[in-house]
Structures are given as structure tokens and as C-alpha cells.
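Thanks for coming, everyone. I have one model to walk through today, so let me put it on the screen.

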Amino acid sequence: MQLPNLNGVRNASDNLKGVSIVTPLELNERLSNEFNSKVFLKREDVQKVRSFKIRGAFNKIKSLNLNNTLDKQIICASAGNHAQGFAYSCAKLKIFGTVYMPETTPKQKVDRVKMFGGDFIKIVLIGDSFDDAQKEAQKQINENTIFIHPFDDNTVIEGQGTIALEILDQIDKHFDYLIIPIGGGGLISGMITVFNKLSPKTKIIGVEASGAPAMFRSIDQKKIIELNKIDNFVDGVSIKKIGKIPFEICKEHLDDLLVIPEGKICQTILDLYNKDGIVVEPAGAIGISAFEMYHEKFTNKNVGILICGGNNDIIRMSEIKERALLFSKLKHYFIVRFPQRSGALKEFVNNVVGESDDITFFEYVKKNNREYTSAIVGIELKFSKDLDHLITKMKENGFFGEYLNDKPETLRFLI
């Protein structure tokens, strides 16, 4: 199998001049001081389309040399960021293209594809995941249609690898570790292609979301595994099946692979916004989440972390906060047994709920001819250690029915 190479990355760098920007590599003093490391963030979230995807998409489309746009049509499938890079490239090169996106794609990403592509882009929303959209797009491939793959293509991978060339120009001495998000594997493959040749001592750490660990499963089983079901929340890296080229590169050269819970990623998004003033999408936060969870590995080291995208829809913030609170064990849901008599709620508040606890969700319907009925109650704690005391008080006062946090399917249905 032919693989991407360093010369291809250097050619891509020439192709991208005047198209992509050289994004900053910033020392993050908060993370560096807190974890006793030197932590640098490569800020692809401030790229023209707020993600690195413009690099691979433009490099591939430019390489096609389509002089007569009426002879060929180009198409792609994307959960959002590749579509934006594709749309920008089509408008820049004046080539007509069609984008297939999942119906679950955040509206903010769909709107930005329209904005970047203008009259050169048609959008088709179909399926529940990237994989669904990709299957539909690939059905359209014929002699007059070219599919621009988001990650399983050498020219696309070489475009993504230009980030690595920039990093090596921006640092004074080598990184001990470089932490890179993994979706289909194109980004990390491009980084490996460069660092293996120019900075072989740097250890490349891949990161996946726990709801879609396609690379982890594939490397573990020594063959490409297609996941039956995924959590689409971290939409930029949530796919069922990785690429063949990335698999060949990562199984040989990836130094470690970490799988991170979605709740931790949400916590990182909030911290980056509140403490650093940085707005990232879930996929953009995952590398920092991995660094924080496994910080002992990186003590007294120079660490680079790639923030791959900043396309976060503001309407998702309530869900992000909720997932973060659940992960940090500060938000808890219960089925509470209430006696159907006057004063029962007041008794619950006075005898069970602590002074620093906050009832954030309460759903109750009175049922006739029943001694007890149930309410779904959400309580936010100030300290996670207070949970045991809260449950004890519920039981002592006869209110405890069922704890729902460890029943995610039930909780998702009820809340």
C-alpha cells in the first residue's frame, strides 16, 4: 500500500500558501503550572474554517487540476469540519461540489458550510452518523464524480501533515510528547509522517472518545473493526470505522492511544472557556482532557497538544454543562418516593436537601388513590463527597426510591 510521505507534505505546504494560515503554537501557563510540565497548544481552532480540515481538503481538490468544472463533480461526506474545508476550497477554486452530512450535524456547522461554499455547494442531510452520510455519498461515485475522502487519502493526509511542519518551525527544542485527536485517523497519520522523519524522539499519543473508540478496537484486534454503535456527541471524532491508510500508519508508529470519557471532555470545554477564554468544540478539547487525566505520564516534559477545531454551537452548552456535572459527580438524579399528603415536599427539602445542595430538576404528578407516588429529582451538590450523606438522609426519611446516574439509558429517556 502506498503511504503519504514527507515530500508530499512539503508540496502540500506550498499549495496551501495564501489559503490556510500558520496557526499559533502557544505556551499555556495554567496547564504548565498546574501539572509541572511545559504545555503548548497548537491552535487550529483559529484556522480560517475554525479547524485543520481546510488543509487536507484544499490540497486534495487542488491536486485534481479540474480545468473544466462542468466535466467533473466532486462530493464529500462529513460531520461538519471536513465539509467546511471542502466548501471553502470549492468556492476558492470555483469548483461545484456536493456535501453529504448527517442529519444530526449541529446547525452551526451546516450554516457555516453554506456560508463558505456559497453558490458552489449543495448540501444533502442524510442518516444519523458520519458513516451513514459517507455510505450515501459513495453511492454517487461514477466516472464523472470524484469523492474527496476526509481521512483515507494520501493527499488529504499530506495536507493535514503541514501542521507538523509548522510546529517544528515554531518550537525551540523538540516535544517529548505530541497529543493528537483521532477520528478516522487522517490528522494523526499526517503528524506521524512528518515527526517520524524530522523529530523521531517525539512520542505521538492518539486520543479517542470513549463513545467511538474505532482505532483502539482496531489496533487491539489487529484488524479494522467497524463499531456497531457510537455516541455522536464528540462529532468531530465519532466514527464507526477508521481508514485503511491511517490504520497501517498507526498500528506501526503510534506510541500510545488513550480513550477519554465524554463527560471529561465537557469539563475541559468549560475550563478552557472560563479560565483561558478559548472556545473549542468537543473534538478540540479531547487532547487536553487526555493530558489532564494522564498527567503523571507528562510530568517535567515538553508536551504539544493539538486543538483541532473550534466549531462549537452555543446551544449545546447546556448539554455540555450537564455532562460535565455528571462526570464530576456533582449532579445526581433520583426517583424519590413522596407520600401523597400535605407538607411532604417541605419535609423533603428541610430534612434531606443540604444547605449547599441545589434542586435543579423536579417532575411530579399527583396520582389519585395511591399512598405514595414518585418524582424525578435532580440535585446538584457543591462537593461530590456529599452524595453518600444525601442518600443516607433520603433513606432515613423514607424518600429514597432509585438512583439513576448509574442507569444512563433510563436517565436519557426520563430527562
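Is Cys308 buried or exposed? Cys308 is buried, because its relative accessibility comes to 5%. Keep in mind that this is a predicted model.

Let me stay with the cysteines. How many disulfides does a search of the whole structure find? The count is 0. Cys308 is in no disulfide. For Cys308, the nearest cysteine sulfur belongs to Cys266, and it sits 15 Å away. Now take Cys90. The cut-off for a disulfide is 2.5 Å between the sulfur atoms. Cys90 is also buried, because its relative accessible area is 0%.

Where is Glu44? Look in the loop between strand S2, residues 38-43, and helix H3, residues 53-63. Glu44 is a charged residue by class, and it counts as buried because its relative accessibility is 0%. What does the side chain of Glu44 pair with? One partner is Thr23: a polar contact of 2.5 Å joins the two side chains. Another is the side chain of Arg55, with a polar contact of 2.8 Å.

Next, the open space. What is the volume of the largest pocket? About 1000 Å³. Its lining holds 23 residues. Asp231, Arg323, Leu326, Pro408 and Arg412 are the ones nearest the centre of that pocket. Which elements give two or more residues to this lining? They are helix H12 (262-276), helix H14 (317-327) and helix H17 (408-414). H14 supplies the largest share, 5 residues. By class, the lining of the largest pocket splits into 10 charged, 8 nonpolar and 5 polar residues.

On to the second largest pocket. Its space is about 340 Å³. It is lined by 18 residues. Nearest its centre are Thr104, Pro106, Asn232, Phe233 and Arg316. How does the lining of the second largest pocket divide by class? There are 6 nonpolar, 6 polar and 6 charged residues.

A search of the whole structure gives 1 cavity of 30 Å³ or more. About 280 Å³ of space lies in that largest cavity. How many residues line the largest cavity? The lining has 27, and Lys53, Gly183, Gly184, Gly236 and Val237 lie nearest the centre. Helix H4 (81-93) and helix H9 (186-198) are the elements that give two or more residues to the cavity lining. H9 gives the most, with 3 residues. By class, the cavity lining has 13 nonpolar, 10 polar and 4 charged residues.

Two backbone points to check on your own screens. Lys222 has a phi near 60 degrees, a positive value in a residue other than glycine. Where is Lys222? Lys222 is in the loop between helix H10 (214-221) and helix H11 (244-253). Is Lys222 buried or exposed? Lys222 is exposed, because its relative accessibility is 71%.

Asn300 is the other point. Phi of Asn300 is near 60 degrees as well, again positive in a residue other than glycine. Asn300 lies in the loop between helix H13 (282-293) and strand S10 (302-307). Asn300 counts as exposed because its relative accessibility is 57%. The cut-off for exposed is over 50%.

One last stop: Gly8. Its place is in helix H1, residues 6-15. Gly8 counts as buried, because its relative accessibility is 12%. The cut-off for buried is under 20%. What separates the C-alpha atoms of Gly8 and Glu158? The distance is 5.8 Å, although the two residues are 150 residues apart along the chain.

That is the tour. Over to you for questions.

Methods: Residues are numbered from 1 along each chain as its sequence is written. This is a predicted model: local features need pLDDT of at least 70, side-chain atom pairs count only at pLDDT 80 or more; totals for chains, interfaces and linings use all residues. Side-chain values use heavy atoms; hydrogens and water are left out. Buried means under 20% relative accessible area, exposed over 50%, partly exposed in between (1.4 Å probe, protein chains only). On a 1 Å grid over the protein atoms alone, a cavity is a set of points where a 1.4 Å probe fits but cannot get out, and a pocket is an open set with protein on both sides within 12 Å along at least five of seven lines; lining residues have an atom within 4 Å of a point. Grid points are joined across faces, edges and corners, and a volume is the space filled by probe spheres set on the points. Helices (H or I, at least four residues) and strands (E, at least two) are DSSP runs, numbered from the N terminus. A polar contact is a pair of N or O atoms within 3.5 Å; within protein, one must be able to donate a hydrogen and the other to accept it, and residues adjacent in sequence count only if both atoms are side-chain atoms.
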